Amino acid sequence: MSFPDVRPRRLRRTAAMRRLVEETRVAPAELVLPLFLKEGLTEPRAISSLPGVVQHSRESLRKAAHEAVSAGVGGLMLFGVPDSAGKDETGSGGIDPDGILNVGLRDLIAEVGDSTVIMGDLCLDEFTSHGHCGVLAADGTVDNDATLELYGQMAVAQAEAGAHVVGPSGMMDGQIGVIRKALDNAGHQDVTVLAYAAKYAGAFYGPFREAVESTLQGDRRTYQQSPGNVREALREVELDVAEGADIVMVKPALPYLDVIAAVRDRVDVPVAAYQVSGEYAMVEAAAANGWLDRQGVMLETLTSIKRAGAQIILTYWAIEAAQLLRERY
């Protein structure tokens, strides 16, 4: 037999062959589109650091939901952006049934119903005047246990607005147990809890803070995780699963592929990852300068997140990526 004896290139020879043997494939139904609903808007408003992403009006939100459903996107994660008068020290606008987030959840349910999965971001940071994810103690630190009570109320408000899934993202100790108990006691046993179980206090959130008009004072390092820690992330994940999390999430995604893989190996619930605003923005910026193949990098990054072990991916490219994937396969 002539050298070489083994020729792996046989399986790469044509596009059809490569598709046939592809080991990791992203499906549109595994993608979740984050959406921002801004109080008082009559037209969508562009977000300068997130090209192609907007703050929605109620009308444009409904149109975006239909577009996502038509593309086969698996879910919508809604963030509410109140006007300045809707922010206070305790984030009461996030609990108010007539607050912008709960209004938006009702709009989405009325518009698309069960044809996709409607998720609500369960955190107070968009609604607090200081921009933190919970209420503050007298010394200026976030009061974990006082915040938990509000999270329980917020979960019930979102469930009553029709949310299929609540996504607690505040990284308070015990938040999943409190939220699960509050939902069950209010008769919402069927509402799913997607835990932001390993959320890192990293540098990739800048564009998101523009999108939600963040008023953050200081940083979130006392409650979000240190970027250097993996074992701590696994402990957080295990605690959330024990408290009743139905899905666990790692955020951000690309800088933490090793964490996604470690979490996938550790738990038997679905694992999600959030491809955050900074990940999206740096690809868009490089592509705008002609330095990258935008669509190629988009799909490659999503594939890497799936390959690491994420079954569900939150991404601002969800609609476009879903359309491209449907064309490809």
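Predicted model: local features only at pLDDT ≥ 70, side-chain atom pairs only at ≥ 80, totals over all residues.
A residue counts as buried when its relative accessible area is under 20%, as exposed when that area is over 50%, and as partly exposed in between. The rings of phenylalanine 36 and tyrosine 316 form a stacked aromatic pair, with 6.1 Å from centre to centre and 15° between the planes. Phenylalanine 36 belongs to strand 1 (residues 31-38), whereas tyrosine 316 sits in the loop between strand 10 (312-314) and helix 11 (318-328), so the pair ties together parts of the chain that are 280 residues apart in sequence. The structure holds 8 aromatic pairs, and ring pairs join Phe36 and Tyr316 to Phe79, Phe208, Tyr274, Tyr280 and Trp317 in a cluster.

From the rings we may turn to the charged side chains. Side chains of opposite charge can pair when their charged atoms come close. Across the whole structure, a search finds 15 salt bridges, among them one between arginine 58 and aspartate 107, with an N to O distance of 2.7 Å. Aspartate 107 is buried, with a relative accessible area of 10%, while arginine 58 is partly exposed at 40%. Both residues also take part in a network of salt bridges that links Arg58, Arg62, Asp107 and Glu111.

Two further salt bridges can be followed in the model. In one, aspartate 98 pairs with arginine 106, and the closest N and O atoms are 3.7 Å apart; here aspartate 98 is exposed, with a relative accessibility of 59%, and arginine 106 is partly exposed, at 33%. In the other, arginine 180 pairs with aspartate 184, the closest N and O atoms being 3.0 Å apart. Arginine 180 and aspartate 184 both belong to helix 5 (residues 175-185), where they are 4 residues apart, about one turn of the helix. Of these two partners, arginine 180 is buried, at 11% relative accessible area, and aspartate 184 is partly exposed, at 30%.

Two packed helices are described by the angle between their axes and the distance between the axes. Helix 8 (residues 257-266) packs with helix 10 (residues 294-308) at an angle of about 35°, and the axes of the two helices are 8 Å apart. On the side of helix 8 the contact is made by Leu257, Ile260, Ala261 and Arg264, which meet Ser304, Ile305 and Ala308 of helix 10. The residues of this contact divide into 5 nonpolar, 1 polar and 1 charged.

The cysteines remain to be considered. How many disulfides does the count come to? It comes to 0.

Methods
Residues numbered from 1 in each chain as written. Heavy atoms only, no water. Disulfide = S-S within 2.5 Å. Salt bridge = Lys/Arg side-chain N within 4 Å of Asp/Glu carboxyl O. Buried < 20%, exposed > 50% of the residue type's maximum accessible area, 1.4 Å probe, protein only. Axes fitted to C-alpha atoms, helices over the stretch in contact; angles between N-to-C directions. Contact = heavy atoms within 4.5 Å. Nonpolar A, V, L, I, M, F, W, Y, C, P; charged D, E, K, R; others polar. Phe/Tyr/Trp six-rings, centres within 6.5 Å; stacked < 30°, edge-to-face > 60°.
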